Amino acid sequence: MTTVSPHDAIDLEQILSVSNTELHEVVHHVKDNADCIFTWNYDKGERPALNKLYEKAKHAQWNGETDLPWDLDVDQEAQAMAAVNTFREFTQSYDLGGTPFEKWGDKEWAQLNIEGSNWSLSQFMHGEQGALVCTAKIVETVPWIDAKYYASTQVMDEARHVEVFAKYLDTKMSGHYPINAHLKMLLDDIVEDSRWDMTYLGMQIMVEGLALAAFGFMHAMIEEPLLKQLLRYVMSDEARHVAFGVISLQEYYQGLSDAEMKERQEFAYEASIRMRDRFLQQEVWDRMGVNVKEALQLVVQDPGRVMFQQMLFAKIVPNCKKLGLLDRNDQWLRRRFEEMGVIQFEDWIDTGDEYEAFSLEATGQALN
Ligand SMILES: [Fe+2]
Ligand SMILES: [Fe+2]
């Protein structure tokens with residue numbers, strides 16, 4: 001992985017030094033450096049927990065085209081005006097004299113809300129494509145038949161996720177954003193790693209763990225019924241995907257040496273820092289025509305934002321604990337999570353135990 005700043009401080013200079021310079025590329029090539037592994041052991045159910053996930057996944061396939069109420073109108077401008085009240089709280093808490101926001105009125109704050117929604121949903125869509133290619137890679141590289149079977153269902157899940165986010169952006173929002181440069185680097189790092197378990201760690205545990213928390217947060221905050229239902233459907237799959245990572249790596253990590261575990265701890269930490277500090281919507285500020293660095297200097301002080309960033313780790317930390325990643329090598333990752341202010345989540349329920357509560361059947365939502 002590319003080196004990131006080792007300490008807790010947010011380094012805006014470094015963050016802003018990375019931007020997506022390939023805005024017009026239509027395809028992006030990454031070497032995936034991995035052996036494709038066949039197995040001649042076809043004993044289905046040798047790993048019962050994975051087999052159970054696979055059987056559940058077969059019955060949990062929804063259809064984004066027919067199961068979601070696409071005929072609902074989404075008034076993005078009305079939503080943005082409603083959100084301006086929230087921005088007013090922010091503006092009242094700070095003296096904005098001399099800042100890029102000094103002359104902003106409701107119109108600009110509403111536009112910021114619209115751009116922020118377009119940006120967030122675009123990054124969800126790009127991240128979903130990352131999950132699509134990573135799980136296709138896992139089908140090739142994992143040596144266990146039960147895991148290959150399960151991963152193949154996840155490939156189909158992720159295709160549907162890319163599809164529904166793309167359709168929502170195209171038909172209900174007002175513009176796309178290219179992939180954020182930091183997200184792109186993280187996905188590239190995960191795909192490039194030759195070790196099969198690193199695809200799991202990077203995608204299933206870190207990226208999907210964060211996504212599950214982020215989708216949950218957004219699902220709780222929004223009222224727009226189409227997106228709410230879309231997120232609920234996606235979350236029912238994502239919980240299973242994170243569980244797939246936890247169950248698979250729990251077995252594999254039991255056999256790793258301290259040195260091997262240290263590499264995984266460092267990988268998890270570097271991904272955490274990237275995900276926490278790097279996705280600051282820098283492209284949105286740029287599109288709004290304000291000085292990005294000056295805007296971010298204010299944004300990073302917002303206590304609501306700090307709390308949101310911590311909440312994103314509500315799934316990652318307990319899952320890392322269950323995998324034994326927190327405390328190996330003199331509690332190396334525990335210390336890093338303490339520095340980041342996210343260790344308080346360590347005893348929250350892990351997704352290996354929790355995933356069934358997310359299923360659509362569990363909440364009485366019908367699958368057609
Ligand atoms: Fe997904
Ligand atoms: Fe997923």
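Start by selecting H182, L186, L187, I190 and V191: these are the buried residues of helix α7. Buried here means 20 or more other C-beta atoms within 10 Å of the residue's own, with C-beta atoms placed from the backbone. Helices are DSSP runs of H or I, at least four residues, numbered from the N terminus.

This is a predicted model, so local features need pLDDT of at least 70 and side-chain atom pairs pLDDT 80 or more, while totals for chains, interfaces and linings use all residues. Residues count from 1 along each chain as its sequence is written, and chains are lettered from A and ligands numbered from 1 in the order written.

Next, show α5 (106-141), α8 (196-221) and α10 (258-277). The buried residues of α7 pack against these. Now check the length of α7, residues 181-192.

Move to α15, residues 328-340. Its buried residues are R328, L333, R334, R336 and F337. They pack against α10 and α14 (316-322).

Then select C320. It touches A268, L325, L326 and L333, leaving out residues up to four places away in sequence; contact means C-beta atoms within 7 Å.

Last stop: the largest nonpolar core, 57 residues. Such a core is a set of buried Ala, Val, Leu, Ile, Met, Phe, Trp, Tyr and Cys residues joined through C-beta atoms within 7 Å. Helix α8 gives the largest share, twelve residues. A second, separate core has 13 residues, including M125 and Y168.

How values were computed: A residue is buried if 20 or more other C-beta atoms lie within 10 Å of its own, exposed if 12 or fewer, and partly exposed in between; C-beta atoms are placed from the backbone. Helices (H or I, at least four residues) and strands (E, at least two) are DSSP runs, numbered from the N terminus. Two residues are in contact if their C-beta atoms, placed from the backbone, lie within 7 Å. The expected span of a helix is 1.5 Å times one less than its number of residues.
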